[in-house]
Amino acid sequence: MAQPLVKKDDDRDDEMDYSPFLGIEKGAVLQEARVFNDPQLDARRCSQVITKLLYLLNQGESFTKAEATGVFFAVTKLFQSKDIGLRRMVYLIIKELSPSADEVIIVTSSLMKDMNSRTDMYRANAIRVLCRITDGTLLTQIERYLKQAIVDKNPVVASAALVSGIHLLQTNPEIVKRWSNEVQEAVQSRAALVQFHALALLHQIRQNDRLAVSKLVTSLTKGSVRSPLAQCLLIRYTSQVIRESGISQTGDRPFYDYLESCLRHKAEMVIFEAARAITELSGVTSRELTPAITVLQLFLSSSKPVLRFAAVRTLNKVAMTHPMAVTNCNIDMESLISDQNRSIATLAITTLLKTGNESSVDRLMKQITNFMSDIADEFKIVVVEAIRSLCLKFPLKYRSLMNFLSNILREEGGFEYKKAIVDSIVILIRDIPDAKEGGLLHLCEFIEDCEFTYLSTQILHFLGNEGPKTSDPSKYIRYIYNRVILENATVRASAVSTLAKFGALVDSLKPRIFVLLKRCLFDSDDEVRDRATLYLNTLGGDGAVVETDEEVKEFLFGSLGVPLTNLETSLKNYEPSEEPFDIHSVPKEVKSQPLSEKKAPGKKPTGLAAPPVAPTSTVDAYERLLSSIPEFASYGKLFKSSAPVELTEAETEYAVNVVKHIFDNHIVFQYNCTNTIPEQLLENVTVIVDASEAEEFSEVASKPLKSLPYDTPGQTFVAFEKPEGVPAVGKFSNTLRFIVKEVDPSTGEAEDDGVEDEYQLEDLEVVSADYVLKVGVSNFRNAWESLGPDCEKVDEYGLGPRESLAEAVNTVIDLLGMQPCEGTEVVPSNSRSHTCLLSGVYIGGVKVLVRLSFGVDGPKEVAMKLAVRSEDISVSDAIHEIVASG
């Protein structure tokens, strides 16, 4: 189909004149469509009108139901024309119009006639159109013709039927699966495209049967596939079978010999597909990689840009895991730095940065400097990230690499590019101590002329944390105060906070900082003035050279300690009163799925004291409730409250759920009860708890509910004592005991006399996960390293047969009750190994981090390596004990 002829060059308006579709309107084209009704059809004119209609449809123009129907019926009259070109356009417009079920019947007979025509072009296109517009009912009528078409001698017809089968498999899989024999025969076809499409369809039919796929691959790898396209498909299916077979590195890898033999194929696409498949094998060895790297190296010097690009991109990926295997290609890749295709040049440079040695760094830097001005920002970002990795690999070369980053930071560029450079400099400062002072000065010079507010504030924040720790902090003050004078309000406020940090940590600078902060009191922005006032009062001493209190330093530099979302919610729910807002009342627990606990429709409410889990202020509300009850007021700080656990079925006479409140020495069960019978009043409601299966617990207190009217939620409590700081577990049997009084429906008055009754509830378990708070960390690696190996404990466990790796991962996460970090709870499909990162706070306020490494060992047998770091070695032992006993 023709497209508007628009060049990317300067004069777009002039070039637009050459477009045949310039200025066409739907109304005018619909008028032109009347030509379809002429007694003497003009095939050329009709084709032009259909082309315009197709153009409008593809440009997103919407046709009303009446317009689409009118065009469709007019187009059906064109079947009387014998012109082959017009017939092809008719097929196209019918497919695009997607007629409704009652309209399809009009063209079905014409299409079925064409499907049995002697003209092969008619047959192929009729099959495509019929399968596109038909439904399951009509499909059964034409199934016989489609089966015949699959094994037709004409490759165009056979391919049309096979491609239609691939599309139909999504909507009518039962019908298509009956074609297996014909498709199997088509796989042996000599026509390249027929073999390609047949193999694709046969694999889709069998894709849910691993054994069938394995048999298919085994039979075809013996040499019956001639088509290069089909060979590429077969290589991909072979790689899938290898991944799923789970053969260990030491054993013989199935089908590897086939992949290696494909490296000697005469078709370049097959050679590349095989080389890529070998490089992507799980646990691939250097011996297995060598032949693939050799052919990719030959492609680097190919005259075809697509081959050079494919080879260098694959080598770039290999360099991430096996840099030494790629070093033999370095000389060839250096010649690609000057390649006309900048994508190839960028990949070559980044690969060289990953594989190069320390002596080649300076030479690469010179080549990159000339290269950077010729490429787009997206490629520059890739180069910057590669340079950052290289600097961390060779810390002694930080000076030349840092200078390079600072030079490109001053050049023109977009936000993402500048952010990548700033992030790289910050990481180098953190990881290479010698680079700190030079790197901070480079950042200071950048914010002198930075157009991005976000970057300026981030750099100022980083400067406030790192600048006071340098040998001469005073040299940064000028750069910071310049921001107060020259920048917008957001940056000015950030600069005020940074100045305060210098004043807090560098006592000798405090008088000068006070002078600068006092000038900020007259700023035009409220936020800037408020911050200056706060810091002047916080630092104290009227600017004298005195040591800053530790509490002030903690206020300025300490972590917030609570999730921001929880703090925001608590502040919104805070009601102004004489009591100031207490940040310690903000819950620390992170709710991973805050809306998952929504109450089912028609279910009775569970009471004010058992609000849904969604609001993060729930723990706050629970703590206020428990502290207001004298029996529990002495239990201390509430560590954690669980989500409500239902103890009754839905729509029963009494709805009861329980919330477990965990303290250091105690656990309190809060039973939320609702009476769903209008004719009854319940009094003296209690829950009798049998703790015979929870030996470490002893009941110490209970608080009955005096009255429970209809549809008015209420709470009764039972408290147990347990060993301090120990994750005691057990099962509790529960019986609801109460006095029932009948209620007169007309007056609403209850009778004086009542009957004692009981109602059996579900059992309740206290598990190890109840003693761990879900508290996430923003950077797991930094948090892991900060805890250090002193309190680390590592062990391996067999988890037995599992349905999938994902099921094993979720089971362990639920068992430990910790917060997954960085999205590691998601297991990729067909993965045979996975690493999951968890964080939390153990009872007693001890931070815990867990690194779980899973692997499938044998048929569905899952093995796990558990590494735990915490602030207390006994807590690390306890986490291992939870897994061992779970």
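The model is predicted.

**Domains and cores**

The domain assignment of the protein chain lists domain 1 (209-284), domain 2 (450-557), domain 3 (625-766) and domain 4 (771-885). Between the C-alpha centres of domain 1 and domain 2 the distance is 62 Å.

The largest nonpolar core has 190 residues, and those touching the most other members are Phe36, Ile50, Ile94, Leu111, Leu353, Leu405 and Leu499. Domain 1 (209-284) and domain 2 (450-557) both contribute residues to this core, so it lies between them. A second, separate core has 64 residues, among them Tyr654, Phe697, Leu708 and Ile813. In soluble globular proteins, nonpolar side chains tend to be buried together.

Leucine 111 can be followed in more detail. Leaving out residues up to four places away in sequence, leucine 111 touches Phe79, Tyr91, Ala126, Val129, Leu130 and Ile133.

**Salt bridges**

The structure holds 26 salt bridges. Side chains of opposite charge can pair when their charged atoms come close.

| Lysine 52 | Glutamate 32 | 3.4 Å |

The salt bridge of lysine 52 with glutamate 32 has an N to O distance of 3.4 Å. Lysine 52 belongs to helix 3 (residues 43-58) and glutamate 32 to helix 2 (residues 26-32), so the pair ties together parts that are 20 residues apart in sequence. With a relative accessible area of 19%, lysine 52 counts as buried because the limit is under 20%. A network of salt bridges links Glu32, Arg45 and Lys52.

Lysine 419 and aspartate 423 are both in helix 25 (residues 415-431), and because they are four residues apart, about one helical turn separates them. An α-helix has 3.6 residues a turn, so residues three or four places apart point the same way. Lysine 419 is partly exposed, at 23% relative accessible area, and aspartate 423 is also partly exposed, at 32%.

**Helix 17**

Helix 17 (residues 286-300) consists of 15 residues. From its first C-alpha to its last, helix 17 reaches 20 Å, close to the 21 Å expected at 1.5 Å a residue. Its buried residues are Glu288, Leu289, Pro291, Ala292, Ile293, Val295, Leu296, Phe299 and Leu300. These buried residues pack against helix 15 (256-262), helix 16 (268-279), helix 18 (305-321), helix 19 (323-326) and helix 20 (330-335).

**Arginine 190**

Arginine 190 is placed in the loop between helix 11 (180-187) and helix 12 (192-206). Its relative accessible area is 73%, so arginine 190 is classed as exposed. Serine 227 is 37 residues from arginine 190 in sequence, and the C-alpha to C-alpha distance between the two is 7.9 Å.

Key: Residues numbered from 1 in each chain as written. Predicted model: local features only at pLDDT ≥ 70, side-chain atom pairs only at ≥ 80, totals over all residues. Heavy atoms only, no water. Helix = DSSP H or I, 4+ residues; strand = E, 2+ residues; numbered from the N terminus. Expected span 1.5 Å × (residues − 1). Buried < 20%, exposed > 50% of the residue type's maximum accessible area, 1.4 Å probe, protein only. Contact = heavy atoms within 4.5 Å. Domains from an automatic or database assignment. Salt bridge = Lys/Arg side-chain N within 4 Å of Asp/Glu carboxyl O. Core = buried A, V, L, I, M, F, W, Y, C linked by side-chain atoms within 4.5 Å.
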